[in-house]
Amino acid sequence: MKNGLRHIKTMLLFVLLVGTMPLFYSQQMGTRSHYFIQEYLLNPAFTGSKDYNPFYLSYRQQWAKFANSPEFFSSSGYYTINNTSSVSGSFYRAKQGSEFSQTLGQFNYSHDFHFHQNAHLTFGGGLILDQFNADFSGVDVIDVNDPAFYESVNIFNVDAALGVKYFLHRFKLGFSVSNLFGSNMSQSGQSSLYNKRLREYITIAQYDFTIDSLLHLEPLLVHKFIPESNMQLLDFSLLATYNKSYTLGISYRTSATASLIGGIQYKRFYFLYSHEINVSNVANFLGSNNEITAGYRFKLHPDKIYVDNDMDGIIN
C-alpha cells in the first residue's frame, strides 16, 4: 500500500514537471523568491543599482512534501567598474531527482546615462549559456513507446537578454526581454512550446519610502509575460528595513504562493530566509517552499560613488 502511494506521488510529481516544462526551460520564471535583492537576474539594466557590490549564494527547496522535490542552487553578484559601467555574473543549477537538471550561466553588462544627479537611464545586455538534461531511463511508464519518454535530452544553447531601467530619485522602472532568440531545446530540431526557451517580457516597478532616518519601506512589483504560451505571472513584495540591518517582509505570487521573509545584515554579511506557502488548488499535495540566501556586500571604490544610490537624500 505504501509503495503504491509512493508510486502515485512520484508519477503525479512527474506529470507536474512535464506539464510545466516551459517554466523549467525558460530561466527561473516562478522559481525564485529573493528576486527583490537580485533584480539584475531579471533585468540586466539593474546591474550596479545599489551602493555596494553584492555576492550571494542561494538554495531553494521546492514542494517540500516530496522526497525528490526540485532543488535550486545559485550564486550571483556584480561589480561596479566606474561611474557609468557595471558587470554581473550568475550561476544557476536546478535539479529534480535524476530525471531533470539545468545548469545556466548569465553574464550582464550595464551602462548608465546621467542627465541629473538623481536621475539616469540605464541600458543592459546579457549573455545566457544553458545546459539542459532530461534522463527518462529510471522512469516507470505504462507505454514504453510513448514519444514523451522515448529519448533522453542533453542540450546546450546560447541566448541573450536586453533591458532598460529608468531611475528618478527613489523610483525605478525597468523593462527587459529574456531568451531573445528562443533557442531550441530539442535534439530533433522540432520547435514547440515544450522544447524551446520561451521569450519572457519582464516589467519591474520599485519605490523606496523613507519613513524616518532608520526605517525604509520598499514595495516591488514584477510582471512577467510569455506571449507564446499566453502565460502571465505577477509578483508583489513589500520589505521593511530597519537601520540598514533588519529586514521583514511579505510577498505574493498570483494564484500560486505567499511568502514570509526575514533577513539580517551583520557588518557587511547578509542573510535572508523566506518560507513560501502554496495557495493554489494543489497546496495540500505540493507542500511549502523554502529559500535561503547568504551573501556579502562589498564597499564601492570611492571613485565609483557618484549619486544618491542608497536614496538617503545625501549625495554619496
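Modeller: Buried means under 20% relative accessible area, exposed means over 50%, and partly exposed is in between (1.4 Å probe, protein chains only). This is a predicted model, in which local features need pLDDT of at least 70, side-chain atom pairs count only at pLDDT 80 or more, and totals for chains, interfaces and linings use all residues. Residues are numbered from 1 along each chain as its sequence is written, and side-chain values use heavy atoms, with hydrogens and water left out.

Colleague: Thanks! Why is tyrosine 270 called buried?

Modeller: Tyrosine 270 has a relative accessible area of 4%, and the limit is under 20%, so tyrosine 270 counts as buried.

Colleague: What makes the rings of tyrosine 56 and tyrosine 270 a pair, and of which kind?

Modeller: Rings of Phe, Tyr and Trp (its six-membered ring) pair if their centres lie within 6.5 Å; planes under 30 degrees apart are stacked, over 60 edge-to-face, and the rest tilted. Here the centres are 6.5 Å apart and the planes stand at 65°, so the pair is edge-to-face. Tyrosine 56 belongs to strand E1 and tyrosine 270 to strand E14, so this pair ties together parts 214 residues apart in sequence. Tyrosine 56 is buried too, at 0% relative accessibility.

Colleague: What sits over the ring of tyrosine 270?

Modeller: The charged end of arginine 297 does, 3.8 Å from the ring centre. The rule asks for NZ of Lys or CZ of Arg within 6 Å of the centre and within 35 degrees of the ring normal. Lysine 165 is likewise placed over the face of phenylalanine 46, at 5.5 Å from the ring centre.

Colleague: How many aromatic pairs are there?

Modeller: The structure has 11 aromatic pairs. One of them joins tyrosine 35 and phenylalanine 36, with centres 5.5 Å apart and 70° between the planes, which is edge-to-face. Tyrosine 35 is buried at 6%, and phenylalanine 36 is buried at 2%.

Colleague: How do you know that arginine 60 and glutamate 276 form a salt bridge?

Modeller: A salt bridge needs a side-chain nitrogen of Lys or Arg within 4 Å of a carboxyl oxygen of Asp or Glu. For arginine 60 and glutamate 276, the closest N and O atoms are 2.5 Å apart, which meets the rule. Arginine 60 is in strand E1 (residues 53-61) and glutamate 276 in strand E14 (residues 269-278), so the pair ties together parts 216 residues apart in sequence.

Colleague: What other salt bridge does glutamate 276 form?

Modeller: Glutamate 276 also bridges to arginine 253, where the closest N and O atoms are 3.9 Å apart. Glutamate 276 is in strand E14 and arginine 253 in strand E12, 23 residues apart. With a relative accessible area of 2%, glutamate 276 is buried; arginine 253 is buried as well, at 5%. Shared partners join Arg60, Asp235, Arg253, Glu276 and Glu291 into one salt-bridge network.

Colleague: Is leucine 173 buried, partly exposed or exposed, and what makes it so?

Modeller: Leucine 173 has 37% relative accessibility, which falls between 20% and 50%, so leucine 173 counts as partly exposed. Leucine 173 is found in strand E7 (residues 171-178). Its C-alpha atom is 5.7 Å from that of isoleucine 204, 31 residues away along the chain.

Methods
Helix = DSSP H or I, 4+ residues; strand = E, 2+ residues; numbered from the N terminus.
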